[in-house]
Amino acid sequence: MSSKGFDAAALSDIVKAHDALPGRLIQILHDVQARFGHVPEDAARQLANELNISRADVHGVVSFYHDFRTEPTGKHIVRICQAEACQAMGSRALTEHARGALGVDLDGTADDVTLLPVYCLGNCACAPAVMIGERTYGRVTSERFDELIGGLEDGLRGDD
Amino acid sequence: MTRTKVYVPRETSAVSVGADDVAIAIARQSKQRGTDIQLVRNGSWGASWLEPLVEVEVDNKRIAYGNVAAADVGNLFDAGFLEGGEHASRLGPIDEIPYLIGQDRWTFFRCGLIEPLSIDGYRATSGFAALERGFEIGAQAVIDAVKESGLRGRGGAGFPTGIKWQTVADTDADQKYVACNADEGDSGTFSDRMLMEGDPFCLLEGMALAGFATGASKGYIYLRSEYPLTHRILTKAIDTARDAGWLGNDIQGSGFDFDIEIHLGAGSYVCGEETAMLESLEGKKGLVRSKPPLPAISGLFGRPTVVNNVVTLASVPNVVRLGGEMYANFGMDRSKGTLAFQLAGNVKRGGLVEKGFGITVRELIEDFGGGTATGRPVKAVQVGGPLGAYLPETQLDTPLDYEAFAAIGAMIGHGGIVVFDDTANMAQQARFSMEFCAIESCGKCTPCRIGSTRGVEVIDRLIAGENREENYDLLMELCDTMEGASLCAMGGMTPYPVRSVLKYFAEDFAPRGG
């Protein structure tokens, strides 16, 4: 998901779609991130105003949950499962491979790809598991990983 | 001529290994060859190691083909698979596959069988019959059936469901809630997901029964964000059920109002703890609450709340429809009924196995699982997710029973069974347990927040061979503090896997002499 410029009116529309309910903050933040790619500082300030909660409340929620990011990410988000079932099927080696192939550490971004850890994708009988965008892949070998990343690059060229 | 039905699962695991591509290839081949097929996207039967598992209906028999790749599809058509023709991937009739016929399918009986989003298909397999029966027999009789069944919470804690429901029913309030915990974060578990993807109406019916029994009119499903396909399927199921009058006001003219909303989690493991989940449902940080008060008395927004796991709620419709006694016939001692075990990690035949309690770990991983995927000896088996103990080979004959597991310092949890072969370094696994706790701790209580970080450091020193005896004692003491003084199971049970490694796999730490 590429980062798009912050748009105060679009944010207000998201808040309205959730009836400006503070209890919907997490759902609102998901929508904010889908729209802007991350949760910009300006959005956090405006959310506090429109939901009538403190900026600390918004910041607390944004920083508590792993899903929410305050910095822009690459166009593609690649998550590699780091939890036990995938460990038992070689996820540590797969992660090493991915770091080398992409030239980034976990939580890093290079060439429009952000590599993130994730703790269980619920695909534990088809381990190791990887998620790219909103798609989960199973039984991912190093070769399969390279194919998937190659597919993204083809897609990038296709977009351009 | 009737159209030949071809089933290709639309379920996360199947799709993760190519089921969508297979479905597209089948549709394309069929069009090219002018065959008349009806492509059905069913749920998964749970035989994940066979995915993508394609079935063709021939003379009212469903013939299965396993591990089908999109590239095989032309070949399958050549082999006459629409008539059940021979092929290397042909497994025979689905209802003769040993992995499936050896199970006690109670809660998952529709998974794989039906088209998940077809309300007609659901009705044709006794769907909503339990809710109709509930309306006839009344709220207390529903609770009594659940009590009689002996059903205990399948999320991990194993609390008797009927007693929880009775507490909510007996507490007066202007508003009550049903909060379904679909934050299935334990590694090695996917039964909630499979149920929601394969039989979503069953969960909705179970929630409606919980609402009817306790006087709650509003339900929430707290769904983890790592399940986007599940989210799409559930959203559609809720809309479909509402349109058909099975959710909303005055359900089927009964006078009972009940509606359901999905809340997405945001990647926090601790939000699977019930009170952290309630905080998160209120839009806040997932900080664990002190208990009491129990959520059944003061839960979501301070109101009485039924908090149950997906599989618990989905087990209820059959209990109400067929009677609690029938369910209680499965299982052993105080662990009544069935559990959807999940075979995962390094196992040859990974997937979901619903069985009555009492089966041993060895029977599951050998008879169903077929041993390790790598063909190497089993070294350790982690049961119950990241807070569950690692069992050595000598404990594999332990029957899966809540009390039998508690007796060996282990837990069944949500039924996830993760197999490791002899290449696993258990010291690294112990380290990961502490590291995971440090990453996921909500931070409210000190033993969990600080103890987990100190735990990683002490384990690193042990691995490096520094002052082994002192560091061993320190780690054991830290485990005692975390277990005794943490607010919830996150800090309180992280010591389980750590201690089990120290006890049974001590050789994986560096040799003595530091």
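This is a predicted model: local features need pLDDT of at least 70, side-chain atom pairs count only at pLDDT 80 or more; totals for chains, interfaces and linings use all residues.
**Notebook: two chains, A and B**

I started at B:Gln252, which is found in the loop between helix 11 (228-243) and strand 8 of chain B. Helices (H or I, at least four residues) and strands (E, at least two) are DSSP runs, numbered from the N terminus. B:Gln252 has a positive phi of about 50 degrees, although it is not a glycine. It counts as partly exposed, with 13 C-beta neighbours inside 10 Å. My cut-offs: 20 or more other C-beta atoms within 10 Å of a residue's own make it buried, 12 or fewer make it exposed, and in between is partly exposed, with C-beta atoms placed from the backbone.

Residues are numbered from 1 along each chain as its sequence is written, and chains are lettered from A and ligands numbered from 1 in the order in which they are written.

Most residues other than glycine have a negative phi, and most peptide bonds are trans. I found another positive phi at A:Arg139, near 50 degrees. That residue sits in the loop between strand 5 (135-137) and helix 7 (142-159) of chain A. A:Arg139 is buried, with 20 other C-beta atoms within 10 Å.

Then I checked for cis bonds. The one from A:Ala127 to A:Pro128 is cis, with omega near -5 degrees, and A:Pro128 is in the loop between strand 3 (113-118) and strand 4 (130-132) of chain A. In chain B, a cis bond joins B:Pro292 and B:Pro293, with omega about 5 degrees. I placed B:Pro293 in the loop between helix 12 (274-281) and strand 9 (305-309) of chain B.

**Helix 19 of chain B**

Helix 19 (residues 468-485) has 18 residues and reaches 25 Å from its first C-alpha to its last, close to the 26 Å expected (1.5 Å times one less than its number of residues). Its buried residues are B:Asn471, B:Leu475, B:Leu478 and B:Met482. The buried residues pack against helix 18 (446-463), helix 20 (489-493) and helix 21 (495-504) of chain B.

**Where the chains meet**

I count two residues as in contact if their C-beta atoms, placed from the backbone, lie within 7 Å. On that basis, 44 residues of chain B are in contact with 35 residues of chain A. Strand 12 of chain B gives the most to chain B's side, with four residues. That side divides into 16 nonpolar, 21 polar and seven charged residues. (Ala, Val, Leu, Ile, Met, Phe, Trp, Tyr, Cys and Pro count as nonpolar, Asp, Glu, Lys and Arg as charged, and the others, Gly among them, as polar.)

**Domains**

Domain bounds come from an automatic or database assignment. Chain A is divided into domain 1 (8-64) and domain 2 (76-159), and 29 Å separate their C-alpha centres. Chain B is divided into domain 1 (4-101), domain 2 (128-328), domain 3 (331-421) and domain 4 (426-508). The C-alpha centres of domain 1 and domain 2 of chain B lie 34 Å apart.
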